[in-house]
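Reader: I'd like a close look at one part of this chain, and then how the rest connects.

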Amino acid sequence: MKEDPIERLDREAREKKSGLRTIMYALAAVAVLLAAALAYIWIQKSSLVKELNVEKQDLTEQIVALQQDYESLSTEYDVINTQLDSSKEEVAQLVERIQKTDATNRAKIRQYEKELGTLRSIMRNYIVQIDSLNTLNKQLTADAAAARRDAAESKRANAALTQQVENLSSQVAVGSVIKARGIGIEAYNSTGKVTDRSKNVVRMLTTLSLVENDLAPKGPVRVYIVVKDPDGNILTNENSAGFECAGEARTASASREVDYEGNEVTMSIYLNDLADKCVKGIYKVEAYTSMSYLGSAETMLR
C-alpha cells in the first residue's frame, strides 16, 4: 500500500527533529565535560600558585629573620666587622631579589634557598669566630696579668711567661692560615649552561672566596679542588696532578693560582673533559691550599 505523501513528510520531519535533538544533547554533554575539565585545570593551577606563594612567603620570612640576626651581630674586631658588612649586604640584596621574583619562578626560588643556606652557614662561622676570639681575648688578658706579676717575683715566673709568649706565637700562626667562604659547585653542559642532568655534563665549576686576613702571608696562592663522584671516586682529567696539604699527599681534580694580598679574592676553578663520565647522585668538592683545608660543597645530578 502506498504511503500517503503528507504522512511521509510528517514522519521525515519527526525523524529529523529527533536527530537534531540527539545532536543537541550530545553537544550539550560535550560542553559540560569541557567546562568541568577547564574548571578542574583552573582549580589545580590556582592551588599550585597558592602553594608557591606560601612557599615564597615562608622563604622571604626566613631571609628577613636571618637579616635581623646578622644585624644583631657585633664585635670589636675590625677584620670580622668588614666581613660582616659584606655578608649583611649579601642578605639585603637577597631580600630585595626574592621580593621582585614571581613565586612561580621555581628555579630562582630554589637558588635563593641555596643562598639562604650558605648565608646561614657563614653566620654560624662568624658566631664561632667571635665567641672564640672573645674567649681567647679574656684568657690572654688574664694570662698576661698573671705573667707580669710572676715575672717580678722569680726566675720561674719568667720561664712561664716565656712559654706563654710561645703559645701566643703559635696562636698567631694559626690565625695566619688562609680561609675560604661561599664554596659552591655547579655542572655545565656543552652549550655553557648550568645543568643537573648527569648525561649532559661536560665540565664542573667550583667557586669560592679567600677571605680577608691581614695575618696571612702575601703572594701567589694555589687552590686545589678534589671533586668526588657518588661512589667517592676522584674525578680527574689529563691536567690533574697531585699536591700536598699539611704534609699529606693528595690527588687534585684541578687547581688555580691567584695573587693573594690579604684582601678577599673571589675565584673560579673549572674541571673539564667530563663528557660521559658523570652518573646520577651527589657530587662533592673539597677545596685546599698547601697549608690547610678550606671547605666543601655538594651538588645533585639526576
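Author: The model is predicted: local features need pLDDT of at least 70, side-chain atom pairs 80 or more, while totals for chains, interfaces and linings use all residues. Numbering runs from 1 along each chain as its sequence is written, and side-chain values use heavy atoms, without hydrogens or water.

Ile 23 sits in helix 1, residues 5-72 (a DSSP run, H or I, at least four residues).

Now turn to charged pairs. There are 8 salt bridges (Lys or Arg side-chain nitrogen within 4 Å of an Asp or Glu carboxyl oxygen). One of them joins Glu 90 and Arg 181, at 3.1 Å, N to O. Glu 90 is in helix 2. Arg 181 is in strand 1, residues 180-188 (a DSSP E run, at least two residues). The pair links distant parts of the chain, 91 residues apart.
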